[in-house]
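Visitor: Could you walk me through this one before I set anything up?
Guide: Gladly; let us look at it together and take your questions in turn.

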Amino acid sequence: MSENALLIQQLWVGACLFGLGLVGFLSRRNLILMFLSVELMLQGVSLSFVSWGRFHGQLQGQVFALFVMAVAAAEAAVALALVLNLVRARYGLDVLKVQHLREEGLGEIPREVEEEEVPPPPPPSWPRLPRVGRAPVIPEEVLEYRPSV
């Protein structure tokens, strides 16, 4: 396979990764999926840099790919901190629910999202174990079919 054909194939794969990431970023409202889409776009750009560097026989493509990886790592750290803080504040991960956190004058919040109230989750009902030293109460119907209990 010639060098030109290999370069074209690698650039097509990079462009497809970037395009899939762009479509995912523009079509999703979940913050985690949006950050994953950005990661996909960065990987497509990184593949294109490495492909061009290999085609020209120079190391600049690999150096740019290392910078892209550093940016992706920083973006992942910021994304994790943002997701943890939003979940902890009970805003959820929907982008439309956190639009009121923006500065004043940057746009209006849609009415249906502003009025929507999310009910609090019910408290967990965990089974309770008997205290140590006290025999558990076993119902009669259990003793009928499991006499060894």
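**Overall fold**

Guide: The secondary structure of this chain amounts to five helices and zero strands, and the coordinates belong to a predicted model. Read from the N terminus, the order of elements is α-α-α-α-α.

Visitor: How much of the chain counts as buried?
Guide: Of its 149 residues, 19% count as buried. The chain exposes about 12000 Å², and carbon and sulfur atoms supply 65% of that area.

Visitor: And what share of the contacts links residues 24 or more positions apart?
Guide: Taking the contacts in the chain with a separation of 6 or more, residues 24 or more positions apart account for 50% of them.

Visitor: What goes on at its two ends?
Guide: At the start of α2, a side-chain oxygen of Asn30 comes to within 3.1 Å of the backbone nitrogen of Ile32. Just after the helix, Gly57 adopts a positive phi of about 70 degrees.

Visitor: Which residues of α2 are buried, and what do they pack against?
Guide: The buried residues of α2 include Leu31, Met34, Met41 and Leu42, but also Ser37, Glu39, Ser46 and Ser51. The buried residues of this helix pack against α1, which covers 3-27, and against α3.

Visitor: Pick Ser51, then. Why does it count as buried?
Guide: Ser51 has a relative accessible area of 2%, and because the cut-off for buried is under 20%, a value like that qualifies. Leaving aside residues up to four places away in sequence, Ser51 touches Leu7, Gln10 and Leu11.

Visitor: Switching to the surface: which residues make the nonpolar patch?
Guide: A nonpolar surface patch of about 510 Å² is formed by Phe49, Leu59, Val63, Phe64 and Phe67. Its largest share, three residues, comes from helix α3, which runs over residues 60-88.

Visitor: Where does Phe49 lie, and is it buried, partly exposed or exposed?
Guide: Phe49 lies in helix α2, residues 31-56, and its relative accessibility is 31%, so it counts as partly exposed. Helix α2 therefore holds both Ser51, which is buried at 2%, and Phe49, which is partly exposed at 31%.

Technical notes. Residues are numbered from 1 along each chain as its sequence is written. This is a predicted model: local features need pLDDT of at least 70, side-chain atom pairs count only at pLDDT 80 or more; totals for chains, interfaces and linings use all residues. Side-chain values use heavy atoms; hydrogens and water are left out. Patches are made of residues with over 30% relative accessible area and no salt bridge: like charges are joined within 9 Å, nonpolar side chains (Val, Leu, Ile, Met, Phe, Trp, Tyr) within 5 Å. Accessible areas come from the Shrake-Rupley method with a 1.4 Å probe; for residues, only the protein chains shown count as cover. A salt bridge is a side-chain nitrogen of Lys or Arg within 4 Å of a carboxyl oxygen of Asp or Glu. Helices (H or I, at least four residues) and strands (E, at least two) are DSSP runs, numbered from the N terminus. Buried means under 20% relative accessible area, exposed over 50%, partly exposed in between (1.4 Å probe, protein chains only). Contact means heavy atoms within 4.5 Å. A polar contact is a pair of N or O atoms within 3.5 Å; within protein, one must be able to donate a hydrogen and the other to accept it, and residues adjacent in sequence count only if both atoms are side-chain atoms.
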